[in-house]
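Colleague: Could you take me closely through one part of this model, beginning with the terms you rely on and then moving from the surface to the interior?

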Amino acid sequence: MFFVIPHIALAAAGFASLVICLAIVWTARWHGAHTLDSSAGVQKVHHTPTPRIGGVAILIGCWIGWYFAPPEISVMLGPIMVAATPAFVAGAVEDTLKRGRVTERLIATFASGVLAWWLTGDSLTRVGIGGVDWLLTITPVSVLFTAFAVGGVANAINIIDGLNGLAASTVLVCLSGLGMLAFLNGDAEMAKISFILGGATLGFLLVNYPSGKIFLGDGGAYLLGFLLGWVAVMVAMRNPAMSPWAPLLACGYPILEVLFSMARRTARTLKLGHPDRLHLHSLVWSRIARKWLVGASGLRQNSSVMPMMLAYACIPVVLSIWFRKNTIGLMFAFIACAFLYAFIYARLIHFRWTMPKLRLTSRDTKRRSDR
């Protein structure tokens, strides 16, 4: 495993990302009018305007890693980085111009997925379910399904990007899991790509956590989400001996977060893009961190959430490696992770262990609707 790691490319990607993040923080007074995130908003928990263009550092770090990568790796990584451009640009527009809608960013991410298929020739052609696998043999269906799936992962990373270190550390853990899956199946190229992208992510994370000096922003979240999703697609398709559910489960935490968010908002008759503080990490912050760390600084309360959420994020990654060739085992593992998520969520909502309920309206709201 040690010899599979592309040490020079990984170190270059991480160092470049770290240096650029520090430069962004130190020069914020010159570009802050366009790049600082405000502390106002439903999902905001920080109190100091902070640069939200960490995605720029990660993007440059990934390209630096591409430059130093061995030829057999750079020829694969280059098209992925080119395809990521629409997703990144759409998010960066929101970060700097404060303009753009969630729908537009999702469309841009889907476009990145289609572009990635055109550049790499890869798309999901099997998911381990007979009828669906037959449909995926039809190229347009396969491409659209793949673009939709990758867009979902990108949106998932954007959703969990709410507290210091959470999104970047989750991506780092998921990329490590995908790299390990690739390595165990003899796919050294995809393992190396996973580690290079992880290096760029780590460089950002060192500035983002625990101090929160810089944020991913939408550009960074959609960039990392797209890269994570597409690496999962390539690992699944390049390794037929492995179940396609293994890369899916390796990204289990962010995928479950977006699925539960969609279900919750649908049940509460809200728009799917409606912001709220009812994500699992938001509840961990408000009902565990703020109560257990009474008297601690807001920064410490914020930063304490990441280790707790990361403990959960590691569970599906470990299970994906353990059951990597067993589709039925992976399906049950995914369901088990979903139930664990739901029971923890219900515990935080109701302050006791109980069966989870989908509708999360208050009693007063229910009384008004009954009148």
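Modeller: Buried means under 20% relative accessible area, exposed over 50%, and partly exposed in between (1.4 Å probe, protein chains only). The model is predicted, so local features need pLDDT of at least 70 and side-chain atom pairs count only at pLDDT 80 or more, while totals for chains, interfaces and linings use all residues. Residues are numbered from 1 along each chain as its sequence is written, and side-chain values use heavy atoms, with hydrogens and water left out.

Phe68 has a relative accessible area of 42%, which means that Phe68 is partly exposed, and Phe68 lies in helix α3 (helices are DSSP runs of H or I with at least four residues, numbered from the N terminus).

Turning to helix α4 (residues 71-83), its 13 residues should span 18 Å at 1.5 Å a residue, and the end C-alpha atoms, 19 Å apart, agree with this (the expected span being 1.5 Å times one less than the number of residues). Among the buried residues of α4 are Ile73, Met76, Leu77, Ile80 and Met81, and the buried residues of this helix pack against α3, α5 (85-97), α6 (102-120), α10 (188-208) and α11 (217-238), where contact means heavy atoms within 4.5 Å.

Leu197 touches Leu77 and Met81, and its other partners include Cys62, Leu175, Leu227 and Val231, leaving aside residues up to four places away in sequence.

Note on methods: Helices (H or I, at least four residues) and strands (E, at least two) are DSSP runs, numbered from the N terminus.
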